[in-house]
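Open the model in your viewer and keep the selection tool ready. We will go stop by stop.

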Amino acid sequence: MADYTKMWTDLGLNHENHNALLEYLGGAYQSIFMSQEKRPEGMSYFDFVISEAHGLRIKELCDEREAGRKVIGSFCVFVPEEMVLAAGCTSVGLCSGADFAQEEVEKVIPRNTCSLIKSFFGFSLGKVCPYMEVSDLIVGENTCDGKKKAFETFKDMVPNFYQMDLPQTKTPAGRQTLKLEFMRFLNQLEEMTGKKVTLEGLKEGIAITNAKRKALQRLATLRAADPAPISGLDALLINQVSFLDNPVRFTENVNKICDQIEVEIAANQGVKKAKAPRILLSGCPMAIPNWKLPTIIESTGAVIVGEESCIGERGLRNLTDDSANTIEGLIDAIVDRYFKIDCAVFTPNQERVEHIKEMKAKYNADGVIHYGLQFCQPYIMESFTVEKQLEKENIPVLRIETDYSQEDIGQLSTRVEAFVEILK
Ligand code: BJ8
């Protein structure tokens with residue numbers, strides 16, 4: 001990586017903390033990703049993006065800002081990228097996948113808060129996340145109680161916080177709340193840019209976002225093959241990169257790797273052994289660099305064939321209908337698309353269980369590992385329903401509750417190995 005010290009200083013990063021984070025990330029990446037065998041050639045692009053995630057990509061975002069473009073950071077797949085793009089802005093995900101500055105964090109929010117929330121507090125307090133610092137607007141959403149109460153504190157820690165309200169039921173009133181909030185968000189973007197969103201802008205935003213989702217759906221579908229043509233770790237990484245990279249360039253590279261994978265599948269080649277136990281991962285999102293559980297699973301010889309998660313299929317499965325020819329019509333289509341997301345903050349949320357069953361069948365999974373972050377009420381509560389309903393259909397399930405620490409690796413490995421043995 002080139003020398004970006006000046007850029008990091010200008011962004012206000014803490015060099016000592018930031019270097020420590022980069023060192024940790026580099027080491028983890030080498031040992032987890034680069035040690036895998038027979039990776040598809042196209043992974044080199046995603047390796048490069050990760051290696052430059054705090055360098056070249058941030059430089060691109062700084063250049064965009066200098067040219068007058070605004071950067072919108074978000075924590076949730078409910079923030080509509082179509083609208084961000086339509087307003088001439090760039091959307092970035094704010095990583096929340098590692099513990100940082102824990103002691104400082106626990107001075108401002110309770111210890112028994114989920115790791116994902118603690119992580120973005122730690123990144124902010126430790127001044128280590130260039131994506132947070134480069135964002136002109138940080139959007140926090142009222143989803144789980146943890147996030148919405150934590151944002152009451154977080155909003156005073158960053159100068160540019162915007163809170164988005166979200167419904168919790170799939171009722172007509174819930175849809176109306178979502179629509180009003182999306183319209184308020186669009187107004188906010190228009191105020192920031194000083195420009196009105198046009199019909200053409202919205203069509204283009206929808207086209208770019210749909211193309212990205214289609215490419216990821218294509219990749220997901222290819223993972224049904226046996227032997228598995230890509231590891232679960234690499235597929236997860238591609239999904240994680242989707243939140244950071246330029247969307248058009250990202251889409252091209254996902255399609256490129258899909259072309260290569262299709263050739264491998266036709267030749268009956270894969271990255272894992274044929275008939276390796278196949279796992280569907282389901283539950284909380286796994287943000288960069290949260291690779292602990294997938295690493296444990298795949299080190300047993302099993303392969304992850306799908307992620308029922310926001311960094312995975314929950315975030316990408318529905319496209320936005322682009323057929324309307326009015327701004328209002330397209331806003332409605334965007335609202336309809338996002339209203340289908342089956343996050344566990346909704347009640348009831350039977351669609352999610354049905355989706356897990358569908359994915360299990362589609363990707364020929366042998367079993368499901370439900371991943372819940374400790375103290376995440378929505379997903380941990382729902383994991384009992386998921387387990388009960390899957391077991392009724394004789395689908396093996398393992399419920400895991402963990403955090404971002406490395407302390408439980410031994411215990412998790414034992415449980416996962418035993419589960420994989422059952423699947424064999
Ligand atoms: S749409 S899953 S990205 S809210 S893990 S912070 S739920 S206590 S992340 Fe999410 Fe949007 Fe839903 Fe997806 Fe709370 Fe649970 Fe923590 Fe969570």
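How many nonpolar, polar and charged residues does the shell around the ligand have? By class, the shell has 14 nonpolar, one polar and two charged residues. Nonpolar here covers Ala, Val, Leu, Ile, Met, Phe, Trp, Tyr, Cys and Pro; Asp, Glu, Lys and Arg count as charged, and the others, Gly among them, as polar.

A note before moving on. This is a predicted model, where local features need pLDDT of at least 70, side-chain atom pairs count only at pLDDT 80 or more, and totals for chains, interfaces and linings use all residues. Residues are numbered from 1 along each chain as its sequence is written, and side-chain values use heavy atoms, with hydrogens and water left out.

**Stop 1: the ligand.** Select the ligand and its surroundings. In total, 17 residues surround the ligand, each with a heavy atom within 4 Å of it. The closest are C114, C144, C310, C343 and C376.

**Stop 2: the sheet.** Now show the strands. Helices (H or I, at least four residues) and strands (E, at least two) are DSSP runs, numbered from the N terminus. Four strands form an open sheet in the order β2-β1-β3-β4, with parallel pairing; two strands pair if DSSP finds at least two bridges between them. β2 (90–93) and β4 stand at the edges with a single partner strand each, so one side of each has no neighbour in the sheet. From one strand to the next, the twist averages 30°.

Select residues 71–74. This is β1, which pairs with β2 in the parallel sense over four bridges. Find V71: it stands opposite T90 in β2.

Next, select residues 137–141 and 161–164. These are β3 and β4, parallel strands joined by four bridges. Between them, the chain crosses through helix α9 (residues 145–154), and this β-α-β crossover is right-handed. That is, with the strands pointing away from the viewer, the path from the first strand over the helix to the second runs clockwise.

**Stop 3: an aromatic pair.** Select F46 and F250. Their ring centres are 6.0 Å apart and their planes stand at 80°, so the pair is edge-to-face. Rings of Phe, Tyr and Trp (its six-membered ring) pair if their centres lie within 6.5 Å; planes under 30 degrees apart count as stacked, over 60 as edge-to-face and the rest as tilted. F46 sits in helix α3 and F250 in helix α13, 204 residues apart.

**Stop 4: two prolines.** Select P227, in the loop between α11 and α12. The peptide bond from D226 to P227 is cis, with omega near 5°. Then go to P289: the bond from I288 is also cis, with omega near 0°.

How values were computed:
Axes fitted to C-alpha atoms, helices over the stretch in contact; angles between N-to-C directions.
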